[in-house]
Amino acid sequence: MNSFSASSDKMLLLLLGIVILHAAALVLLFVSTIVSAWTTGPTSSSDLWNNCSTTDVGYHCEAANTGEWIQAVQALMILSIIFSFISLFLFFCQLFTLQKGGRFFVTGVFQILASLFVMSGAVIYTVMSPNWVPPSEAFGWAYILAWVAFPLALISGLIYVILRKRE
């Protein structure tokens, strides 16, 4: 009886750890998509949606509409959030409906796709931003969060694929 309790406690801790890892990746995806700090400079900052700068008149923002590539990055980041959210929802559904010994394969596939979407968006931004961002600006912390979200989402997706349900 004690062995069963120890095994059950380990499984609960593992599930809690996976949910925390997944939630962390999802929060990073939200923040990196929303916050205006993909590139920052002494008098300006840019994100996926706006380009803002400080002038003598004040703080001025305009829409980031420099071409199809920024729209591709926007779409990929939104898709990564959607797929990661669906993956978390599927995990909880499978947790209660999956038979003993079954794998969380569908959950893992959605999370791996979310990680590939964020990676693709960050790669496109990395390659295309030198044509758009002034040399005085550098990549900001929201851009770095997107890159940090990629391995977290990928690792959690791989864990889901490997994980088997126990009673």
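Q: How many aromatic pairs does the structure hold?
A: This is a predicted model, in which local features need pLDDT of at least 70, side-chain atom pairs count only at pLDDT 80 or more, and totals for chains, interfaces and linings use all residues. Residues are numbered from 1 along each chain as its sequence is written, and side-chain values use heavy atoms, with hydrogens and water left out. Rings of Phe, Tyr and Trp (its six-membered ring) pair if their centres lie within 6.5 Å, and planes under 30 degrees apart count as stacked, over 60 as edge-to-face and the rest as tilted. The number of aromatic pairs in the structure is 12.

Q: Which kind of aromatic pair do tryptophan 38 and tyrosine 143 form?
A: A pair of aromatic rings is described by the distance of the centres and the angle of the planes. For tryptophan 38 and tyrosine 143 the centres are 5.8 Å apart and the planes stand at 70 degrees, so by the cut-off of over 60 degrees the pair is edge-to-face.

Q: How many residues apart in sequence are the parts that the pair of tryptophan 38 and tyrosine 143 ties together?
A: Helices (H or I, at least four residues) and strands (E, at least two) are DSSP runs, numbered from the N terminus. Tryptophan 38 lies in the loop between helix 1 (2–34) and strand 1 (39–40), whereas tyrosine 143 belongs to helix 4 (residues 141–162), so the pair ties together parts whose separation in sequence is 105 residues.

Q: Is tyrosine 143 buried or exposed?
A: Buried means under 20% relative accessible area, exposed over 50%, and partly exposed in between (1.4 Å probe, protein chains only). Because its relative accessibility is 8%, tyrosine 143 counts as buried.

Q: What is the relative accessible area of tyrosine 125, which forms an aromatic pair with tyrosine 143?
A: The pair of tyrosine 125 and tyrosine 143 is tilted, with 5.9 Å from centre to centre and 40 degrees between the planes. It links tyrosine 125 in helix 3 (residues 105–128) to tyrosine 143 in helix 4, 18 residues apart. Tyrosine 125 is buried, and its relative accessible area is 0%.

Q: Which residue in strand 4 is the bridge partner of asparagine 51?
A: Two strands pair if DSSP finds at least two bridges between them. Strand 3 and strand 4 (residues 59–63) run antiparallel and are joined by 5 bridges. The bridge partner of asparagine 51 in strand 4 is glutamate 62.
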